[in-house]
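Subject: Handing over a structure

Hi,

Here is the structure I promised to pass on to you. Have a look at it first, and then read on for what turned up in it.

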Amino acid sequence: MPHKLLRIHQPEFWQRLPSPWDSETEETLLCCQVRQETADVKSFYFRSRAGHAFQFAPGQFLTLELDIDGERLNRCYTISSPPTRPHTLSITVKRVPGGKASNWLHDCLEVGDKLRVLGPAGVFSSALHPAARYLFLSAGSGITPLMSMARTHRDLCDDRDTIFVHSARTPDDIIFGRELALFAASQRHFRTHFICETLGVDTGWHGLTGRLSLASLKLIAPDFLEREVFVCGPAPYMQAVSDMLRAAGFDMARHHQESFSFETLSEQDAAGAIPAPVAAPPDSADVATYSVQFQQSQRTISCAGDQPVLDAARAAGLRMPASCTQGLCGTCKVRLLSGNVDMRHQGGIRQREIDQGFMLLCCSRPLSNLLIDK
């Protein structure tokens with residue numbers, strides 16, 4: 001007897017394939033869930049108000065455009081959810097003492113609220129570096145991009161040989177601990193290990209204590225020299241891991257780390273702290289020099305035509321907001337009141353904003369004298 005096709009009534013939500021979400025055309029997302037992960041970490045889930053589907057590579061980040069106390073702040077957070085669940089996406093935020101953005105998100109953002117969002121962006125992704133064996137190393141909130149990668153592999157039934165090592169202050173500070181344990185229990189080739197700096201109040205902890213070392217890494221992953229390694233965490237952690245791998249003779253072409261750690265960069269720094277001075281390029285008869293006037297701060301500096309405006313400003317001692325310095329995050333966005341620049345960004349600004357006269361300081365070189373509203 002031939003099979004008959006049955007027409008099954010389904011909700012309208014499933015009757016059409018959603019078109020991709022684009023932050024250029026839909027700038028705000030709706031917060032649809034808030035989850036408490038640890039005492040000072042929350043996950044915020046968002047969906048498209050128009051029903052669009054999210055497309056991104058696991059490990060990419062979003063830029064949130066927040067209005068707090070009359071001030072516009074841009075803050076970047078890695079997407080912690082996988083692209084295999086396209087109807088929602090999440091960010092996982094650690095509360096930073098004194099941080100305007102993280103404290104506002106924890107204290108004020110609720111289900112039903114709308115946020116302006118730009119992205120996704122970033123190139124830190126296992127999808128760009130397929131390998132037979134992975135080693136994921138994370139610390140603190142640096143777990144988020146690696147969690148997106150692990151969740152993606154899980155959803156795709158891609159039981160890749162993966163060792164996931166996460167470092168936390170105490171057992172109570174382990175983010176996604178239960179979920180990672182479930183991954184390890186349900187996937188034959190997925191192993192997870194936690195290292196806690198101290199025991200805290202959990203006297204029943206039987207895992208590793210202290211900090212990640214070459215000795216503990218050899219114990220956890222004896223074949224780490226043969227794996228594709230992804231690292232994310234505070235800058236000192238990533239530097240220590242890099243030094244450790246180099247000392248062990250690891251092929252650093254297979255070492256990948258988040259080139260800028262948004263989650264661990266203090267929000268005071270992101271809001272304008274001055275890093276080590278950036279030297280201006282040597283004088284050259286072939287390179288023109290222009291004046292750059294900052295209207296609000298009433299400062300005027302010189303900037304060579306082959307120099308990013310941000311570098312020249314910081315070399316002159318100005319406090320300029322910036323995070324990635326690669327044209328990705330949008331933190332250094334300002335309005336150009338007059339003049340022209342050569343801006344080569346990587347998605348950190350909308351075309352609509354460019355048309356309105358905005359620019360990114362980090363990836364813009366002057367083509368004339370400039371007047372900037374800053």
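Strand E11 covers residues 228-232, and five of its five residues are buried, so to speak of it as mostly covered follows from the cut-off for buried. Helices (H or I, at least four residues) and strands (E, at least two) are DSSP runs, numbered from the N terminus.

Before going further, a word on the source: this is a predicted model, in which local features need pLDDT of at least 70 and side-chain atom pairs count only at pLDDT 80 or more, while totals for chains, interfaces and linings use all residues. Residues are numbered from 1 along each chain as its sequence is written, and side-chain values use heavy atoms, with hydrogens and water left out.

E11 pairs with E7 in the parallel sense over five bridges (two strands pair if DSSP finds at least two bridges between them). In that pairing, Tyr134 stands opposite Glu228 in E11. E11 also pairs with strand E12 (residues 255-257), again in the parallel sense, over three bridges, and there His256 in E12 is the bridge partner of Phe230. Together, E11, helix H5 (residues 235-247) and E12 make a right-handed β-α-β unit; a crossover is right-handed if, with the strands pointing away from the viewer, the path from the first strand over the helix to the second runs clockwise.

**The six-stranded sheet**

These strands belong to an open sheet of six, in the order E10-E9-E8-E7-E11-E12, with parallel pairing. Strand E10 (208-209) and E12 stand at the edges with a single partner strand each, so one side of each has no neighbour in the sheet.

Strand E8 (residues 161-168) is mostly covered, with eight of its eight residues buried. Asp161, Ile163, Val165 and Ser167 point one way from E8, and Thr162, Phe164, His166 and Ala168 point the other way. Seven bridges join E8 to strand E7 (residues 133-139), and the two run parallel. From E7 the chain crosses through helix H2 (residues 143-155) to E8 in a right-handed β-α-β crossover. E8 also pairs with strand E9 (residues 190-196) over seven bridges, in the parallel sense. The chain gets from E8 to E9 through helix H3 (residues 177-186), and this β-α-β crossover is right-handed.

**A cavity**

Where is empty space left? Rolling a probe the size of a water molecule over the atoms shows this. A search of the whole structure finds three cavities of 30 Å³ or more. On a 1 Å grid over the protein atoms alone, a cavity is a set of points where a 1.4 Å probe fits but cannot get out, and lining residues have an atom within 4 Å of a point. Grid points are joined across faces, edges and corners, and a volume is the space filled by probe spheres set on the points.

The second largest cavity has a volume of about 50 Å³. Its lining includes Phe136, Arg154, Asp158, Thr162 and Phe190. H2 gives the largest share of this lining, three residues.

Five strands form an open sheet with mixed pairing, in the order E14-E13-E19-E15-E17. Strand E14 (299-304) and strand E17 (358-360) are at the edges, each with a single partner strand, so one side of each is left without a neighbour in the sheet. Strand E15 (residues 333-338) and E17 pair in the antiparallel sense over three bridges, with Arg335 opposite Phe358 in E17.

Finally, Glu353 lies in helix H8 (residues 351-355) and is buried, with a relative accessible area of 8%. Glu353 and Glu24 are 329 residues apart in sequence and 9.6 Å apart in space, C-alpha to C-alpha.

Key. Buried means under 20% relative accessible area, exposed over 50%, partly exposed in between (1.4 Å probe, protein chains only). On a 1 Å grid over the protein atoms alone, a cavity is a set of points where a 1.4 Å probe fits but cannot get out, and a pocket is an open set with protein on both sides within 12 Å along at least five of seven lines; lining residues have an atom within 4 Å of a point.
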